[in-house]
Amino acid sequence: GREPFDLSELRSLGAIGMRDARISLSDLATGRSIKLVDAELSITEGEQGRRLFARLRPESGTVPMQLACDLDAGFGNGRCYLRGQGLLSHEWLADWPIASLLPESGALDLQAWVDLDDFAPEFAHAELRTAEITWRSVRAADDGAEAPRDQRLKTDPMQLSLRWQRAASEG
């Protein structure tokens, strides 16, 4: 099997850059994955630590998401920011049903911040705005029929803001 990547390998590098890369992220528990193409990644060393920047888009997609992090030299402490404007829901969530629903059309904007302390999230904030999204049911029919139901659901535009902070007893 493959050995996990050890971030300590990057500590001795002053800067690294990658362009036009292909990345595959998998959820081993469910077998779902997302393939990212034309990925850009850069890691540079600064006075306060490391700066990481990435631009990613799904294989079937057109609109990229950006990730920027300001981290210490060990990559374990700092803040990361994730941003996507006009993300097409059916491109980013094609293999990730939510409550047995897959998006067919619609766009969303995402902004998220995560503060890290010793590689663990300490604080997180996310904001999500959507236009009208059309969802398709992927749940099998309950009446014994072989074909799944073909149901559609449209959600109105919405805005959602979430915050989380690790409790003192969790650290």
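1. Start with the contacts of glycine 78. Leaving aside residues up to four places away in sequence, glycine 78 touches Asp70, Leu71, Val114, Asp115 and Leu116. This is a predicted model. Glycine 78 belongs to strand S5, residues 78-88. Its relative accessible area is 25%, which makes glycine 78 partly exposed, because that class lies between under 20% for buried and over 50% for exposed. Proline 121 sits 43 residues away along the chain, and the C-alpha atoms of glycine 78 and proline 121 are separated by 9.7 Å.

2. Next, the three-stranded sheet. The sheet is open, runs in the order S6-S9-S10 and pairs antiparallel. Strands S6 (101-105) and S10 (152-155) are at the edges; each has a single partner strand, so one side of each has no neighbour in the sheet. On average, neighbouring strands of this sheet are turned by 35° against each other, direction ignored.

3. The S6 and S9 pairing deserves a look. Strand S9 covers residues 133-137, and four antiparallel bridges join S9 to S6.

4. Check the backbone at serine 100. Its phi is near 65°, a positive value in a residue other than glycine. Most residues other than glycine have a negative phi. Serine 100 lies in the loop between helix H1 (89-92) and S6. Serine 100 is partly exposed, at 25% relative accessibility.

5. Aspartate 118 is not a glycine, yet its phi is positive, about 55°. The residue lies in the loop between strand S7 (107-117) and strand S8 (120-130). At 59% relative accessibility, aspartate 118 is exposed.

Conventions
Residues are numbered from 1 along each chain as its sequence is written. This is a predicted model: local features need pLDDT of at least 70, side-chain atom pairs count only at pLDDT 80 or more; totals for chains, interfaces and linings use all residues. Side-chain values use heavy atoms; hydrogens and water are left out. Helices (H or I, at least four residues) and strands (E, at least two) are DSSP runs, numbered from the N terminus. Buried means under 20% relative accessible area, exposed over 50%, partly exposed in between (1.4 Å probe, protein chains only). Contact means heavy atoms within 4.5 Å. Two strands pair if DSSP finds at least two bridges between them. Axes are lines fitted to C-alpha atoms, for helices over the stretch in contact, and angles run from 0 to 180 degrees between N-to-C directions.
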